[in-house]
Amino acid sequence: MRVYVPLTLPGLAEASRTGVLGDGPFVAYAVTPALREWYLSDDTEELEYAALSRAALASLRLLAADAGAPRRRVVVAVDVSDAAASSDPGRGLDPAALGEVRVAGAVRLAKAAAVHVDAADAEADVAAAAGALAAADGGDDDARYTVDGAEDHELLWYATQEIPSLVG
């Protein structure tokens, strides 16, 4: 199963230093039955993009909690065994949990397929979105528009060999 792990650049640097993406259990995003039902598509690439987008939003939440982190969302794509990732069926179609899975056990960064990171030109919009996230969660439409502004930026794809230059 391909899972998308939300991080920040300092989190990616730590994973690069230790070689471990997560010790488990940790939260990631994947194509779950609930995500399939919500997205209403059978196209695997579209569903994986939706899971990646959910992880990007989770990365934004990490940025909102870490004022010192560079304002760039980071998502690591990694393949794990189906048994290693599980979703909570009790949360069903809860919008906050769509695509969310818990990954059990340690995952080596060397198993990552790719890293997705915002371009430098997205930093201002990502910073504004991180600052507006709490208000958007509270129902503020203007704040939601600001958060959507970060989602307008596509995450760039990087090979895992490029991680040192991303965190350097």
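Helices (H or I, at least four residues) and strands (E, at least two) are here DSSP runs, numbered from the N terminus.

1. Basis of the note. This is a predicted model, in which local features need pLDDT of at least 70 and side-chain atom pairs count only at pLDDT 80 or more, while totals for chains, interfaces and linings use all residues. Residues are numbered from 1 along each chain as its sequence is written, and side-chain values use heavy atoms, with hydrogens and water left out.

2. Helix H1 and its end. H1 spans residues 9–18, and Leu9, Leu12 and Ala15 in this helix are buried (under 20% relative accessible area; over 50% is exposed and in between is partly exposed, with a 1.4 Å probe and protein chains only). These residues lie on the same side of H1, because they cover an arc of only 115° around the axis, the arc being that of the directions from the helix axis to the C-beta atoms. The buried residues of H1 pack against strands E1 (2–7), E2 (20–22), E4 (74–79) and E8 (112–117), and against helix H6 (163–167); contact here means heavy atoms within 4.5 Å. Gly19 follows H1 and has a positive phi, near 80°.

3. Val78 in strand E4. Val78 lies in E4 and is counted as buried because its relative accessible area is 1%. Leaving aside residues up to four places away in sequence, Val78 touches Met1, Arg2, Val3, Val5, Leu21, Val107, Lys111, Ala112 and Ala113.

4. Gly24 belongs to the loop between E2 and E3 and, with a relative accessible area of 29%, is partly exposed. Beyond residues up to four places away in sequence, Gly24 touches Val103, Ala104 and Gly105. The C-alpha atoms of Gly24 and Val103 are separated by 5.9 Å, although the residues are 79 residues apart along the chain. Thr32 sits in the loop between strand E3 (26–29) and helix H2 (33–39), and its 5% relative accessibility makes it buried. With residues up to four places away in sequence not counted, Thr32 touches Ser87, Gly99, Glu100 and Val101.

5. Aromatic pairing. The count comes to 1 aromatic pair, where rings of Phe, Tyr and Trp (its six-membered ring) pair if their centres lie within 6.5 Å, and planes under 30 degrees apart count as stacked, over 60 as edge-to-face and the rest as tilted. Trp38 and Tyr39 form this tilted pair, at 6.1 Å centre to centre and 45° between the planes. Trp38 is partly exposed at 46% relative accessibility, and Tyr39 is partly exposed at 32%.

6. Packing of H3 on H4. The axes of helix H3 (residues 44–65) and helix H4 (residues 123–137) come within 9 Å and cross at roughly 95°; axes are lines fitted to C-alpha atoms, for helices over the stretch in contact, and angles run from 0 to 180 degrees between N-to-C directions. H3 is therefore roughly perpendicular to H4 (65 to 115 degrees; under 35 is roughly parallel, over 145 roughly antiparallel and the rest oblique). Leu57, Leu60, Arg61, Leu63 and Ala64 in H3 meet Val126, Ala129, Ala130, Leu133 and Asp137 in H4.
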